[in-house]
There are 4 protein chains.
Amino acid sequence: MNFASDTWAPAHPKVLEALHTVNAGYFPAYGDDASMERVTEMIRDMFEAPQAAVYLVSTGTAANSLALATYAMPWSAIYCHELAHIDDDECGGPEFFTGGAKLVLLPGKHGKVLPSVLSEKLAVKPRRDVHKIQNGVLSLTNVTELGAVYSAAEISALADVAKSHDLPVHLDGARFSNAIVASGATPAEMTWKAGVDVVSFGGSKNGLMGVEAVVLFDPDKAWEFELRRKRAGHLVAKHRYLSAQMEAYLSNNLWRELAENANAQGAYLAKGLGSVDGAWFVHPQEANMMFCAWDRPGHDRARAANVPLGSYTIEGRDGRDQMAARLVTNWSTTTSEVDQFVDLIAQPGSAR
Amino acid sequence: MNFASDTWAPAHPKVLEALHTVNAGYFPAYGDDASMERVTEMIRDMFEAPQAAVYLVSTGTAANSLALATYAMPWSAIYCHELAHIDDDECGGPEFFTGGAKLVLLPGKHGKVLPSVLSEKLAVKPRRDVHKIQNGVLSLTNVTELGAVYSAAEISALADVAKSHDLPVHLDGARFSNAIVASGATPAEMTWKAGVDVVSFGGSKNGLMGVEAVVLFDPDKAWEFELRRKRAGHLVAKHRYLSAQMEAYLSNNLWRELAENANAQGAYLAKGLGSVDGAWFVHPQEANMMFCAWDRPGHDRARAANVPLGSYTIEGRDGRDQMAARLVTNWSTTTSEVDQFVDLIAQPGSAR
Amino acid sequence: MNFASDTWAPAHPKVLEALHTVNAGYFPAYGDDASMERVTEMIRDMFEAPQAAVYLVSTGTAANSLALATYAMPWSAIYCHELAHIDDDECGGPEFFTGGAKLVLLPGKHGKVLPSVLSEKLAVKPRRDVHKIQNGVLSLTNVTELGAVYSAAEISALADVAKSHDLPVHLDGARFSNAIVASGATPAEMTWKAGVDVVSFGGSKNGLMGVEAVVLFDPDKAWEFELRRKRAGHLVAKHRYLSAQMEAYLSNNLWRELAENANAQGAYLAKGLGSVDGAWFVHPQEANMMFCAWDRPGHDRARAANVPLGSYTIEGRDGRDQMAARLVTNWSTTTSEVDQFVDLIAQPGSAR
Amino acid sequence: MNFASDTWAPAHPKVLEALHTVNAGYFPAYGDDASMERVTEMIRDMFEAPQAAVYLVSTGTAANSLALATYAMPWSAIYCHELAHIDDDECGGPEFFTGGAKLVLLPGKHGKVLPSVLSEKLAVKPRRDVHKIQNGVLSLTNVTELGAVYSAAEISALADVAKSHDLPVHLDGARFSNAIVASGATPAEMTWKAGVDVVSFGGSKNGLMGVEAVVLFDPDKAWEFELRRKRAGHLVAKHRYLSAQMEAYLSNNLWRELAENANAQGAYLAKGLGSVDGAWFVHPQEANMMFCAWDRPGHDRARAANVPLGSYTIEGRDGRDQMAARLVTNWSTTTSEVDQFVDLIAQPGSAR
């Protein structure tokens with residue numbers, strides 16, 4: 001029983017199996033393996049993007065930072081939500097990879113940027129003033145840091161604003177699969193059809209050991225990306241083990257199946273929490289991550305039972321401090337885990 | 001049958017098994033897993049360095065670049081052999097990670113730097129001239145790029161020169177295990193006892209899927225290294241899968257057992273090549289990588305049989321162009337593979 | 001008649017004269033000139049800091065960026081006001097020089113940071129979380145971007161908060177002389193006695209052709225600063241011409257005399273504007289830069305007369321758009337210029 | 001009497017006069033002054049390049065580094081002579097400005113690169129190997145670091161090799177005027193007609209206080225250069241003082257007149273040295289800088305007389321250590337200074 005993070009979850013058995021498949025004998029190194037060829041084709045199919053360039057790296061920070069560096073100049077602005085992972089959780093990775101681009105932070109409820117906020121920010125930006133950083137990239141995150149899900153239409157509306165200022169658009173899709181399942185959009189609708197130029201398509205949080213794909217819809221950016229990846233130490237020698245994981249993930253839409261369980265368990269957990277006396281949602285549950293406040297005794301019981309949670313203090317609805325938690329379900333979460341947890345934090349003897 | 005590179009070889013079965021062991025259930029992310037604790041202790045034991053800081057990354061370029069950046073300032077010189085991997089095969093990784101340090105290249109036979117060459121280079125370097133790059137780091141590679149092995153005494157002699165100019169010493173040990181087996185030195189003798197400050201202890205070329213350890217003998221450098229690793233996207237979320245590989249590698253000295261086979265097959269291959277009419281060694285065979293020239297028909301037969309080799313053209317001993325090849329044996333190489341290969345390139349009907 | 005910027009103003013005649021003095025014959029290059037020796041001693045006297053390291057550069061961006069890079073690591077936060085020149089007017093200079101530090105923006109009236117705002121920001125910052133950027137530097141600006149002046153006590157209160165989180169403090173003193181004159185503090189009281197570690201002491205906006213001094217109160221930082229300066233192309237070969245300007249500026253406290261006129265004219269201009277019907281101050285006038293709104297016909301007359309101004313649109317006190325302007329007086333501004341300008345924008349036939 | 005460096009020499013009186021001319025009243029800042037407009041037109045005329053973009057900076061390191069960064073990617077190679085100022089005297093400036101490009105050093109007599117050496121180096125460079133740094137820029141220096149002068153034809157032959165590998169060409173012209181005078185080529189012949197893309201056209205070593213022009217023959221590079229200049233703190237606020245110096249330099253070909261004297265005095269000094277018993281030239285005198293060895297007593301007399309020289313030890317023609325010196329003449333050098341110096345070092349009572 002664990003709701004701390006989807007990065008604490010194991011890898012799916014098919015992923016480990018796939019490693020055995022590619023472990024027999026010699027394979028070309030550095031991405032020239034046959035499995036990577038198949039991965040490229042499968043991702044192009046998945047995204048309906050026959051020209052897309054596809055690369056694998058081991059971490060989300062690498063995927064995001066390399067994608068951003070390929071699109072942003074050192075003197076440019078990367079517009080993102082003020083809680084974006086690229087600003088708040090990567091120890092300055094984007095600044096390092098871009099050579100000093102500036103992250104310009106935008107407010108917005110539930111981790112979402114609103115087109116009007118972006119539009120207003122870009123409106124005050126002079127175009128040819130050498131003293132100012134220049135327009136660079138818009139970076140969006142779906143599922144957001146606060147568990148909300150952008151619809152494809154919302155992404156498209158934001159990309160429209162961006163494009164009207166010549167900004168390319170990056171999508172941090174660490175939980176892309178969960179966003180696809182939650183939104184009902186196709187991968188193409190959520191990305192290039194909406195105006196996204198490059199997407200970090202995450203695997204690590206959804207059942208892989210540690211693989212993220214970067215999909216660049218403009219193949220002219222491919223060579224620069226490859227050089228940046230190598231130079232940053234992110235071109236893995238025995239690349240076949242990354243390819244194999246991703247191939248398993250793509251086969252029979254395993255990525256979707258796993259995200260469906262994570263999201264379904266998220267909804268089930270939300271339903272359970274909703275039934276707990278005094279519990280309330282700080283942000284709406286829309287995929288596999290939620291933020292919920294409940295009474296202190298319930299928190300104490302969770303801690304006593306050593307259930308990993310992302311606990312924190314917020315201002316309660318009565319203006320006093322209250323304890324809340326970020327809760328994340330994942331591909332391996334079971335209904336019995338959820339039941340057990342809801343029972344644990346619910347008031348004993350309550351109506352539940 | 002493949003002698004192209006040890007990065008084309010599979011992972012050892014015990015390494016894949018270890019992944020299964022850590023795949024059950026939830027583990028803390030980002031290196032806080034129990035397996036990493038054991039790895040740290042085992043590496044400290046292996047190196048007789050109870051204070052050492054130990055970190056895992058996915059690639060050799062990352063291990064080297066992060067280690068160098070922790071010791072070199074942006075305005076400093078990194079002294080290395082003119083064929084060093086850090087200069088010639090990492091697409092400028094060290095320059096990227098250090099923020100622009102300069103690699104100063106030293107000549108030397110068989111990929112080895114001589115103390116006299118280093119000494120002479122450092123002697124002409126002014127100490128407090130603001131126009132010049134400043135002294136930074138000495139970086140050595142063992143096994144060298146040309147297959148030679150430094151003894152611990154040779155490393156020590158070079159480190160003495162470096163230390164007399166206040167240079168810390170980095171050891172690129174992508175093939176550290178092979179160097180240990182070939183030299184007979186202990187890991188401690190080859191590193192901190194000889195004056196090495198930080199070592200990249202490779203695993204990927206010797207039976208792991210993709211893990212390199214960085215061992216910093218000065219724990220005061222640990223926190224900076226951690227920040228640099230995170231910022232560069234090299235802190236893996238589901239770190240347990242790196243830990244597990246390394247734990248398997250360290251258990252029962254698997255690293256040594258695998259390097260012993262690679263080196264033994266190297267010696268056996270060298271013996272076989274030595275018996276081929278007209279073959280000669282461009283560089284001495286000392287571990288698991290060798291450079292050997294032989295007659296063109298033999299090369300043609302190898303190519304016709306699709307045996308992956310690192311072929312290249314050199315000036316033959318008669319002054320005319322001749323074909324040579326880099327040949328690498330690995331943990332999985334068998335005597336029958338070697339026999340088959342030597343038979344293939346030897347003149348048919350020759351005395352062999 | 002010109003109130004656009006103090007950078008549009010000429011150099012003081014004594015400054016040009018000083019160039020002639022050092023123009024006779026040969027002088028050692030790169031800062032080894034005798035004039036620089038005198039400058040160092042005079043600045044140490046002026047700041048009552050006999051150990052301080054003193055360097056000259058040609059621009060404020062260089063002074064600020066080099067100072068910040070000497071104190072901030074690439075992975076650290078530089079806390080500053082959200083309108084700070086280092087964030088808004090240097091095209092990412094601090095990010096470039098630091099190798100990617102992140103500017104963390106703090107709100108505050110009139111360009112001032114409040115200790116409580118800084119304190120709150122620092123309070124939520126975890127200390128040893130490798131995912132987050134680390135604490136770096138506090139950078140303050142005096143005179144602020146909006147014309148306000150910090151007292152020495154205010155600087156001290158901010159530095160106290162910074163120091164309690166181990167943050168060194170940088171002072172952007174592009175208009176340091178004006179701040180000294182306005183506040184009545186001594187240079188020492190405004191800097192190291194208040195907790196400032198490094199100050200950019202501006203000359204270009206106050207009568208020099210283009211020289212800024214960087215004063216580092218900790219001489220242990222000197223050598224790194226020198227290397228960074230050289231590497232950035234900011235060590236001028238014929239340095240004597242920078243030294244000579246600064247020597248003239250320091251002699252007989254010319255810097256103070258010039259700032260006194262600039263500030264006095266600022267006060268006189270403010271008085272004049274205050275008498276204009278409908279005019280009101282967006283930010284208080286405290287030194288030589290002010291922000292004032294007045295009626296459109298007055299703005300139209302200023303434009304028709306080609307008086308350079310920093311005009312912009314704000315929300316008026318009645319909620320409707322209104323025109324305002326940034327007005328800067330300088331060492332060479334005369335009362336007749338001010339009179340002429342106030343007459344120009346005042347309503348014809350008004351009571352003035 | 002001083003032969004240490006042309007950076008020790010004063011500025012020409014007309015240069016100081018020009019400062020007075022632009023010191024009257026208000027001028028737009030940051031390069032928008034009318035004097036800069038004239039400078040741009042005059043440099044376009046001088047180079048017969050009506051589309052060229054022209055910028056001024058304060059130092060040669062800035063001029064070179066900004067020019068190189070505009071043409072080289074972070075992962076690319078900058079080919080230059082092994083004694084090039086950009087490698088040996090700028091404390092890693094090009095690495096800093098480019099974000100980590102690698103300087104690849106080429107040997108060659110008298111500071112000159114030979115087309116055959118460049119060609120051979122480029123021939124072994126694989127084109128699309130992601131592990132290797134990519135081709136970036138060829139940077140040449142004229143006058144070379146050892147006092148030799150490339151003819152326009154020699155530059156052209158080198159640029160041809162570069163262009164056949166898609167390398168743009170940078171010319172470090174810190175002593176461009178001296179090279180023009182010595183070679184008899186026109187500025188156009190020495191630059192774009194020969195295949196040079198960007199030139200650092202020096203002023204500081206030839207009578208200015210501290211101004212270098214960067215001339216980009218491709219105006220499409222202009223905006224990037226401007227952003228890089230600002231970001232690096234090299235856009236001077238009171239730019240008129242740079243413009244005025246350069247305008248004086250260009251007016252009536254003052255640059256040429258000054259270089260003519262420097263070179264003529266160089267030739268006269270060489271003639272004088274040639275008459276000294278036992279003196280010999282380490283490198284040929286071709287412009288205003290020469291390297292000459294003579295007997296120790298002569299060196300002792302120079303030192304006793306406090307004549308600044310760049311003295312160093314070389315292997316004499318008899319295989320023993322001998323003292324030599326770098327000697328630089330400049331725009332202000334007089335024949336009497338030269339006579340006095342030659343008399344000083346010549347053997348007393350010698351035939352001279």
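Biologist: What rotation superposes chain A on chain B?

Modeller: Happy to start there! This is a predicted model, where local features need pLDDT of at least 70, side-chain atom pairs count only at pLDDT 80 or more, and totals for chains, interfaces and linings use all residues. Copies are superposed by least squares on the C-alpha atoms of residues with pLDDT of at least 70 in both. With 0.0 Å of shift along the axis and an RMSD of 0.0 Å, the rotation is 180 degrees.

Biologist: Which residue of chain A has the C-alpha nearest the axis?

Modeller: The two copies are thus related as by a two-fold rotation axis. In chain A, the C-alpha nearest that axis lies 3.6 Å from it and belongs to A:Ala232.

Biologist: How many residues does the contact take from chain A and from chain B?

Modeller: Contact here means heavy atoms within 4.5 Å. Side-chain values likewise use heavy atoms, with hydrogens and water left out. The contact takes 48 residues from chain A, and from chain B also 48.

Biologist: How many salt bridges are there between chain A and chain B?

Modeller: By class, the side of chain A that touches chain B has 23 nonpolar, 17 polar and 8 charged residues (Ala, Val, Leu, Ile, Met, Phe, Trp, Tyr, Cys and Pro count as nonpolar, Asp, Glu, Lys and Arg as charged, and the others, Gly among them, as polar). A salt bridge needs a side-chain nitrogen of Lys or Arg within 4 Å of a carboxyl oxygen of Asp or Glu. Between chain A and chain B, the count is 0.

Note on methods. Residues numbered from 1 in each chain as written. Chains lettered and ligands numbered in written order.
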